[in-house]
Amino acid sequence: MRAFTLPLRVYIEDTDAGGIVYYVNYLKYMERARSEWLRQHGFTQRELLAAGIQLVVHRLDCRYAKPARLDDDLSVTVAVESSGRCRLRFAQSVMRDGEPLCEAQVDIACVDATRLKPIPWPPALAAVLNG
């Protein structure tokens, strides 16, 4: 499956007093990119929630290399690294001019929105994941 890229710009609300992106905002950028990746494949978080399905971060391994700054143009990539019956591992990065600023492996679990117990991917989404 091809990598998905979301372009974005750093705004003042994303930074500290020195104009440097606050570390947790990289995770927000990655979440936004995963949501747009999902949308590109015909699914929305709202529709999944209405169907009783919630996608939750199960595990996150993140490495910060360089800071992003106010007004930087960034790109956030999303690539499926592996998938299982109810788990999906994404390789993600936040880059400026092709240079990685932050890289992460993010494990997402598919859970029943009421019981918060793992469930298999819905058939339509499983079809996307399996190519």
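Q: How do you know that the span of H1 agrees with its 17 residues?
A: This is a predicted model. At 1.5 Å a residue, H1 should span 24 Å. Its end C-alpha atoms are 25 Å apart, which agrees.

Q: Which residues of H1 are buried?
A: They are Asn25, Tyr26, Tyr29, Met30, Ala33, Arg34, Ser35, Trp37 and Leu38. Buried means under 20% relative accessible area.

Q: What comes just after H1?
A: Gly42 sits there, with a positive phi of about 90°.

Q: Why is the contact of Glu36 and Arg39 called a salt bridge?
A: The side chains meet at 3.5 Å, N to O. The cut-off is 4 Å, between a side-chain nitrogen of Lys or Arg and a carboxyl oxygen of Asp or Glu. The pair therefore counts as a salt bridge.

Q: What separates Glu36 and Arg39 along helix H1?
A: They are three residues apart in H1 (residues 24-40), about one helical turn. An α-helix has 3.6 residues a turn, so residues three or four places apart point the same way.

Q: Why is Glu36 called partly exposed?
A: Its relative accessibility is 28%.

Q: What makes Arg96 and Asp72 a salt bridge?
A: Their side chains meet at 2.7 Å, N to O. The limit is 4 Å, so the pair qualifies. The pair links distant parts of the chain, 24 residues apart. Arg96 is in strand E4 (residues 87-96), and Asp72 is in the loop between strand E2 (53-64) and strand E3 (73-83). Both residues are buried.

Q: Which parts does the salt bridge of Asp107 and Arg89 tie together?
A: The side chains of Asp107 and Arg89 meet at 2.6 Å, N to O. Asp107 lies in strand E5 (residues 99-112) and Arg89 in strand E4, so the pair ties together parts 18 residues apart in sequence.

Q: How do you know that the radius of gyration agrees with a compact globule?
A: With 131 residues, a compact globule would have a radius near 14 Å. The protein chain has 15 Å, which agrees. Its C-alpha trace spans about 45 × 30 × 25 Å along the principal axes.

Definitions and conventions
Residues are numbered from 1 along each chain as its sequence is written. This is a predicted model: local features need pLDDT of at least 70, side-chain atom pairs count only at pLDDT 80 or more; totals for chains, interfaces and linings use all residues. Side-chain values use heavy atoms; hydrogens and water are left out. Helices (H or I, at least four residues) and strands (E, at least two) are DSSP runs, numbered from the N terminus. Buried means under 20% relative accessible area, exposed over 50%, partly exposed in between (1.4 Å probe, protein chains only). The expected span of a helix is 1.5 Å times one less than its number of residues. The radius of gyration is taken over C-alpha atoms; the globule rule is 2.2 Å times the number of residues to the power 0.38.
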